[in-house]
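Subject: Structure handover

Hello,

Here is the structure for your files. My notes on it follow below.

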Amino acid sequence: MSSKSLNSNDIKAEALRLGFFACGIAKAEPVDAGVAASFSHWLTEGGNADMGYMTNYLDKRLDPRLLMEGARSIISVAMNYTPAARPAEGEYQLAAYALGKDYHDVVKDRLRQLAAHLGWKDALHNEDENAHKCRIFVDSGPILERYWAERAGLGWTGRNHQLIIPKAGSMFFLGEILVDVELDYDSPMSNRCGNCHACIDACPTKALGKIFHADRCLSYQLIENRGQLTSEAQQSMGDTIYGCDRCQSACPWNRYAHPNTIPEFQPKQELLNMTRQDWQHLSEEQYRSLFKGSAVKRAKYAGLVRNITAATLQEHTVQDQLQEEEKRS
C-alpha cells in the first residue's frame with residue numbers, strides 16, 4: 001500500500017487494529033520554548049538523579065527533526081497495560097507495567113507492523129531513495145514522549161507527570177513513529193486535572209510537585225538506583241519490590257481503566273503463584289526463568305534481591321514495633 005494513498009484516518013484505523021488504544025498525529029517541530037526551558041531547568045536542578053543519559057542529545061530531545069532528515073510528522077500511540085491479573089493481596093507486588101513481557105519489544109513490534117503496512121522504510125537501514133522513511137521510538141531514544149502524545153491530542157500530563165487519557169487513565173505505554181510525510185494533525189486537549197492533587201498526596205516520598213524529584217521516587221529507587229536504597233524508600237516501599245503505582249492508583253481517571261487484552265502483557269501463572277517465602281529464596285536461575293523477556297531485568301538480579309531484602313527487613317521492623325506496643329498496652 002502506497003503511503004501517498006493513505007490519510008490520517010487510515011493510519012489511526014490500522015493502529016487500532018494492531019491493538020493500540022489511541023493514536024494521534026502532530027507536526028514535527030521544535031518543542032515549545034516554555035517546555036524546553038522547563039526541561040533544561042529540571043536537568044540543571046538534578047531532577048534526573050543519576051540518569052545521566054537524559055542529558056545526552058539535548059538538541060534532539062528539543063527538536064525531533066534532528067532525529068531524521070526530512071521529518072515532517074510524529075505519529076503517537078498508546079497501548080493499555082492495566083493489569084487483568086495481579087499477585088494475590090498480601091504477597092509482594094510489582095508495578096503493573098512489569099507484569100508481562102517487556103513493553104519495548106511488544107510496542108516496537110506493533111509499530112514496525114504499522115510502518116510496514118503504510119509502506120514506510122526504516123531511515124537507518126534503508127537505501128531506497130524513493131521510499132518514504134520513518135524512525136520508531138519506544139522509550140528508547142531522545143524524544144519527549146509525553147509532550148508529543150499531548151501535541152497529538154492523546155491526553156494531557158497530570159500532576160503525577162504521567163500522560164492521562166480521558167475516561168481511560170494513565171496506565172499506557174507510549175510509542176512514536178517519526179515520518180517524512182505531511183499528514184493531518186490533531187489538536188492538543190486542555191488539562192483536566194482541575195484542583196485534584198490526589199496523586200501528590202499519595203506519593204509516600206514527596207517526589208511529585210512542580211519539579212519531579214526522581215531520586216525520591218520509589219520507581220527510581222527500586223529500579224534505576226544501583227546503590228543502596230534510601231531509608232525513606234525502605235520505609236515507604238511496603239509490599240512493592242519493583243516500581244510503584246501509588247500515584248496512578250490514586251488518580252480518579254484510573255477508575256475508568258479497563259484490563260488490557262494484549263496477550264504479551266498477561267503475567268505468567270508462575271509469577272502470580274509466587275509467595276513471600278518464594279521471593280525471599282529466589283535464586284538467580286529462578287529469576288532468569290521468571291523474567292525472561294521482561295522489563296524487570298532492568299533492575300538485575302542483585303537489584304531485585306536488594307529490594308526483597310529491604311521489604312522483608314521493613315516487615316520485621318513493623319512487626320517488632322507492633323509487638324512492643326502490645327506489651328506496653
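A residue counts as buried when its relative accessible area is under 20%, as exposed when it is over 50%, and as partly exposed in between. Aspartate 245, with a relative accessible area of 10%, is therefore buried. Please keep in mind that this is a predicted model.

Salt bridges

Aspartate 245 has a salt-bridge partner in arginine 86, and their closest N and O atoms are 3.6 Å apart. The two residues are 159 positions apart and join distant parts of the chain: arginine 86 sits in the loop between strand E2 (73–80) and strand E3 (93–94), and aspartate 245 in the loop between strand E9 (240–242) and helix H9 (246–250).

How many salt bridges does the whole structure hold? A search finds eleven. One of them pairs the side chains of lysine 12 and aspartate 186, at 2.7 Å from N to O. This pair also links distant parts of the chain, 174 residues apart, with lysine 12 in helix H1 and aspartate 186 in the loop between strand E8 (172–179) and helix H6 (198–202). Aspartate 186 has 25% relative accessibility, so it counts as partly exposed.

Glutamate 29 and arginine 151 form another salt bridge through their side chains, at 3.9 Å from N to O. Here 122 residues separate the partners: glutamate 29 belongs to the loop between strand E1 (22–27) and H2, arginine 151 to helix H5 (residues 145–151). Both ends are partly exposed, glutamate 29 with a relative accessible area of 26% and arginine 151 at 32%. There is also a network of salt bridges that links Asp239, Arg276 and Glu315.

Helix H1

Lysine 12 comes up again in helix H1, which spans residues 8–17 and in which Ser8, Ile11, Lys12, Glu14 and Ala15 are buried. Why do they fall on the same side of H1? Because they cover an arc of only 165° around the axis. Asn9 and Arg17, on the other side of H1, are exposed.

Backbone

Most residues other than glycine have a negative phi. Alanine 49 has a positive phi of about 55° although it is not a glycine. Its place is in the loop between helix H2 (33–44) and helix H3 (58–62), and with a relative accessible area of 27% alanine 49 is partly exposed. Tyrosine 57 lies in the loop between H2 and H3 as well, and its phi is also positive, near 55°. Tyrosine 57 is exposed, with a relative accessible area of 52%.

Surface charge

Which residues form a positive surface patch? They are Lys101, Lys268, Lys292 and Lys297. Of these, lysine 292 lies in the loop between helix H12 (284–290) and helix H13 (300–328). Its relative accessibility is 60%, so lysine 292 counts as exposed.

A separation along the chain

Alanine 131 is in the loop between strand E4 (121–122) and strand E5 (133–137). At 13% relative accessibility, alanine 131 counts as buried. Its C-alpha atom is separated by 43 Å from that of leucine 94, which is 37 residues away along the chain.

Regards

How values were computed
Residues numbered from 1 in each chain as written. Predicted model: local features only at pLDDT ≥ 70, side-chain atom pairs only at ≥ 80, totals over all residues. Heavy atoms only, no water. Patch = residues over 30% accessible without salt bridge, like charges linked within 9 Å, V, L, I, M, F, W, Y side chains within 5 Å. Areas by Shrake-Rupley, 256 points an atom, 1.4 Å probe, with all protein chains shown as cover. Salt bridge = Lys/Arg side-chain N within 4 Å of Asp/Glu carboxyl O. Lys, Arg positive; Asp, Glu negative; His and termini not counted. Charge placed at Lys NZ, Arg CZ, Asp CG, Glu CD. Helix = DSSP H or I, 4+ residues; strand = E, 2+ residues; numbered from the N terminus. Buried < 20%, exposed > 50% of the residue type's maximum accessible area, 1.4 Å probe, protein only. Arc of directions from axis to C-beta.
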